[in-house]
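I opened this structure to take notes.

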Amino acid sequence: MNGGRAPRILCIAGSPRRRGNSERLLEACVEGVREAGGEPDVLVASEAGIQPCRGCNTCSRTGECVIADGMADVSRRIDAADAIIVASPVYFATVPAVLKVLYDRLQPYWARVHRLGYPRPVRRPGALLVVRGGGDPFGFRAAVDTTKSVFAVLGVDYAAELRVEGPDAAGDILGYPTELVRATEIGTVIGEAARSRGSSE
Ligand SMILES: Cc1cc2nc3c(=O)[nH]c(=O)nc-3n(C[C@H](O)[C@H](O)[C@H](O)COP(=O)(O)O)c2cc1C
């Protein structure tokens with residue numbers, strides 16, 4: 001599918017806090033993507049200029065969203081990706097609003113398949129890096145399940161995951177060297193999976 005070019009790995013930074021814990025994990029992951037010969041495309045959700053889904057369901061009739069904003073660029077980058085990696089903190093048990101807004105705007109991808117009979121998307125690998133401060137009983141589950149739901153709609157296989165509990169202040173993640181190394185390994189794994197996907201198609 002990628003015709004001999006470097007596989008493009010869309011790396012979505014899901015926190016509203018720039019260079020916080022999840023984004024630093026993503027940076028470590030991007031190193032791994034590069035080591036595997038992948039071409040990272042880093043997308044910062046909070047800077048993508050995306051309005052919330054209005055629930056108008058026009059996409060169920062047309063396959064397209066009525067809102068003209070930054071989502072057009074995000075969709076192009078999703079469509080061009082050979083793999084997708086999301087890095088997110090946990091906010092009130094799930095992903096932060098800036099990432100959830102992006103997720104909700106993926107409804108046209110669901111509508112095309114489930115309302116309009118388009119073929120299902122070609123499979124590609126993906127991963128989630130998720131950080132939480134901890135101290136509450138709700139864990140990672142909602143953030144993980146929400147992302148799995150999005151990956152299912154995009155045809156992304158949930159191939160790897162890293163959960164880190166404890167980092168809270170920006171930069172706390174630097175005290176978790178093992179997890180940073182694991183993030184780099186995940187980048188390598190996903191980069192290689194995207195490459196072999198390209199050569200097998
Ligand atoms: C609005 C808000 C809600 C949060 N909710 C939770 C939560 O439900 N559970 C949790 O463990 N940590 C929660 N946290 C802590 C963050 O997960 C933690 O600070 C994390 O390291 C932030 O990652 P970031 O630097 O990538 O933004 C919350 C933080 C904020 C600002």
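The model is predicted, with local features needing pLDDT of at least 70 and side-chain atom pairs pLDDT 80 or more, while totals for chains, interfaces and linings use all residues. Residues are numbered from 1 along each chain as its sequence is written, and side-chain values use heavy atoms, leaving out hydrogens and water.

**Entry: Arg112**

I looked up Arg112 and asked: is Arg112 buried or exposed? Arg112 counts as buried because its relative accessible area is 18%. Arg112 lies in helix H5. Helices (H or I, at least four residues) and strands (E, at least two) are DSSP runs, numbered from the N terminus. Next I listed contacts, meaning heavy atoms within 4.5 Å. Not counting residues up to four places away in sequence, Arg112 touches Gly63, Glu64, Gly117 and Tyr118.

I then took H5 as a whole, residues 107-114. Its buried residues are Pro108, Tyr109, Ala111, Arg112 and Val113. I noted a general point: an α-helix has 3.6 residues a turn, so residues three or four places apart point the same way. Which helices do the buried residues of H5 pack against? They pack against H2 (59-62), H3 (71-80) and H6.

**Entry: strand E3**

E3 covers residues 83-89. I found seven of its seven residues buried. Ala83, Ile85, Ala87 and Pro89 point one way, and Ile84, Val86 and Ser88 point the other way.

For pairing I used the DSSP rule: two strands pair if at least two bridges are found between them. E1 (residues 8-13) pairs with E3 in the parallel sense over five bridges. I looked for the partner of Ile12 in E3 and found Val86.

**Entry: strand E4**

E4 spans residues 124-132. How many of its residues are buried? The count is nine of nine. One side carries Arg124, Gly126, Leu128, Val130 and Arg132.

E3 and E4 run parallel and share six bridges. Ile84 has Gly126 as its bridge partner in E4. I then turned to E5, residues 156-165. E4 and E5 are parallel too, joined by nine bridges. Val131 stands opposite Val164 in E5.

E4, helix H6 (residues 141-154) and E5 make a right-handed β-α-β unit. Right-handed here means that, with the strands pointing away from the viewer, the path from the first strand over the helix to the second runs clockwise.

**Entry: Tyr103**

Tyr103 sits in helix H4, residues 97-104. I recorded Tyr103 as buried because its relative accessible area is 6%. Leaving out residues up to four places away in sequence, Tyr103 touches Val86, Val95, Thr146, Thr147 and Val150. I also took one distance: Tyr103 and Ala45 are 58 residues apart in sequence and 9.8 Å apart in space, C-alpha to C-alpha.

**Entry: the ligand**

How many residues surround the ligand? I noted 17, and the closest are Ser15, Asn21, Ser22, Asp136 and Asp168. A residue counts as near if one of its heavy atoms lies within 4 Å.

Then I looked at N and O atoms facing ligand oxygen atoms. For Val90, a backbone N or O atom lies 2.8 Å from a ligand oxygen atom. For Asp168, the N or O atom is in the side chain, and the distance is 2.5 Å. Taken alone the ligand exposes 640 Å², and the protein buries 80% of that. These areas come from the Shrake-Rupley method with a 1.4 Å probe. I asked which elements give two or more residues to the shell around the ligand. They are helix H1 (21-35) and E4.

**Entry: Asp172**

My last stop was Asp172, in the loop between E5 and helix H7 (177-200). I put Asp172 down as partly exposed because its relative accessibility is 32%. Leaving aside neighbours within four places in sequence, Asp172 is in contact with Asn21 and Pro167. Asp172 and Pro119 are 53 residues apart in sequence and 44 Å apart in space, C-alpha to C-alpha.

How values were computed: Buried means under 20% relative accessible area, exposed over 50%, partly exposed in between (1.4 Å probe, protein chains only). A polar contact is a pair of N or O atoms within 3.5 Å; within protein, one must be able to donate a hydrogen and the other to accept it, and residues adjacent in sequence count only if both atoms are side-chain atoms.
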